[in-house]
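Me: I'd like to learn how to read side-chain features in a model. Could you take me through them one at a time?

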Amino acid sequence: AGYALTTGGSNIIIGRGAGDAHTSMEGTVLIGHYAGSTINNNNSNYTVMIGYHAGQGVTSGTANNLIGFYAGRYISTGGYNTMFGSETGAHMNASSNTFIGYYAGRGLISSSPYGNGGYNTAVGRESLQTVFSGSHNVALGYVAGKYATGSYNTFVGSYTGQGGTTSAPYSSGQYNTAIGEKAMTGMTSAVSNVAVGNSALQDITSATSNVAVGLNAGANITS
C-alpha cells in the first residue's frame with residue numbers, strides 16, 4: 001500500500017497495491033486490494049475508494065467517492081462520481097454520476113471503450129445497469145431503467161422503464177417520464193411519453209408523445 005509515496009499527509013491507505021503508483025498524495029482514503037492503485041495525479045487528492053479494486057483505473061479523476069467491490073473500477077479521468085454498492089459504475093469511464101445499489105449503473109460494455117454517459121442518477125438494485133452513452137437519466141427503484149440506454153429519462157418505481165429489449169441494441173427511448181411500479185416497463189424506442197400510475201403505459205414499445213395518468217392507464221398501447 002502506498003508503495004511509491006514520498007510526500008503527502010493525512011492519507012489512509014490499506015490493502016495490497018492500494019495507492020501504489022503516486023509519489024505525493026493528500027487527504028485520500030484507499031482501502032482494499034488495488035483500490036486506487038493507478039492514481040498518479042494530485043487532482044485525485046481527497047478522494048475515497050473502499051473495496052476490492054474500487055477505483056482501480058483512476059489516474060487523475062477528481063472528487064470521486066467509490067465504495068464497494070469493483071465500484072468505479074474503470075474510471076480513469078472522470079470525476080465527481082459517487083458510487084456505493086457492488087460493481088456500481090464498474091464499466092463506466094465518465095463524470096458526475098451517482099449510482100447506489102448492487103449493479104446500479106454498472107455499464108453495458110465490460111471491456112474498453114467503457115461507457116461515457118454522465119450526469120446520471122440511479123438508486124436501486126440493477127437500476128440503469130446497461131447505461132453506456134446515455135446521460136441525464138434518473139432511475140429510482142428496483143431494476144428501474146435496467147435496459148435503458150437513452151438519455152433524459154426519469155423512471156421512479158420498481159420495474160419502471162425497465163426496458164423491453166433485454167439484449168443489444170437494448171432500449172434506446174429518450175425524454176420519457178414514468179412514475180409508478182411497472183410504468184413503461186416494456187419501453188424500447190419510445191420517445192417523449194409521460195406515464196404516472198402503476199402499470200401506466202406498461203406495454204409501450206415505440207410510441208411517442210403519450211400522456212397516461214392512473215392505474216393501468218394506456219397499459220395496452222404499444223406503438
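This is a predicted model: local features need pLDDT of at least 70, side-chain atom pairs count only at pLDDT 80 or more; totals for chains, interfaces and linings use all residues.

Me: Which ring pairs with Tyr159, and what is the geometry of the pair?
Reply: A pair of aromatic rings is described by the distance of the centres and the angle of the planes. Rings of Phe, Tyr and Trp (its six-membered ring) pair if their centres lie within 6.5 Å; planes under 30 degrees apart are stacked, those over 60 are edge-to-face, and the rest are tilted. The search of the whole structure gives eight aromatic pairs. One of them is stacked: Phe69 and Tyr70, at 4.2 Å centre to centre with 10° between the planes. In the case of Tyr159, the partner is Tyr142: the centres are 5.4 Å apart and the planes stand at 85°, so this pair is edge-to-face. Tyr142 sits in the loop between E10 and E11, and Tyr159 in the loop between E11 and strand E12 (177-179), so the pair ties together parts 17 residues apart in sequence. Tyr142 is partly exposed too, at 33%. Strands (E, at least two residues) and helices (H or I, at least four) are DSSP runs, numbered from the N terminus.

Me: Which residues form an aromatic cluster?
Reply: Tyr52, Phe69 and Tyr70 make up one cluster. Within this group, Phe69 is partly exposed, with a relative accessible area of 34%.

Me: Now for charges: how many salt bridges does the search find?
Reply: A salt bridge is a side-chain nitrogen of Lys or Arg within 4 Å of a carboxyl oxygen of Asp or Glu. The whole structure has three. In one of them, Glu87 meets Arg106 at 2.7 Å, N to O. This pair links distant parts of the chain, 19 residues apart: Glu87 is in the loop between strand E7 (82-84) and E8, and Arg106 in the loop between E8 and E9. Both Glu87 and Arg106 are buried. Around Arg106, contacts (heavy atoms within 4.5 Å) include Gly89, His91 and Leu128.

Me: And which partners does Glu126 have?
Reply: Glu126 forms a salt bridge with Arg125 at 2.9 Å, and another with Lys146, with the closest N and O atoms 2.6 Å apart. Shared partners join Arg125, Glu126 and Lys146 into one network. Glu126 counts as buried at 9% relative accessibility, whereas Arg125 is partly exposed at 44%. Lys146 is buried, like Glu126.

Me: Last one: which residues form a nonpolar patch on the surface?
Reply: Patches take residues with over 30% relative accessible area and no salt bridge, joining nonpolar side chains (Val, Leu, Ile, Met, Phe, Trp, Tyr) within 5 Å and like charges within 9 Å. Here Ile179, Val194, Val196, Val211 and Val213 together have about 400 Å² of accessible area. Strand E13 (194-196) and strand E14 (211-213) each give two or more residues to the patch.

Methods: Residues are numbered from 1 along each chain as its sequence is written. Side-chain values use heavy atoms; hydrogens and water are left out. Accessible areas come from the Shrake-Rupley method with a 1.4 Å probe; for residues, only the protein chains shown count as cover. Buried means under 20% relative accessible area, exposed over 50%, partly exposed in between (1.4 Å probe, protein chains only). Lists of a residue's contacts leave out its neighbours within four places in sequence.
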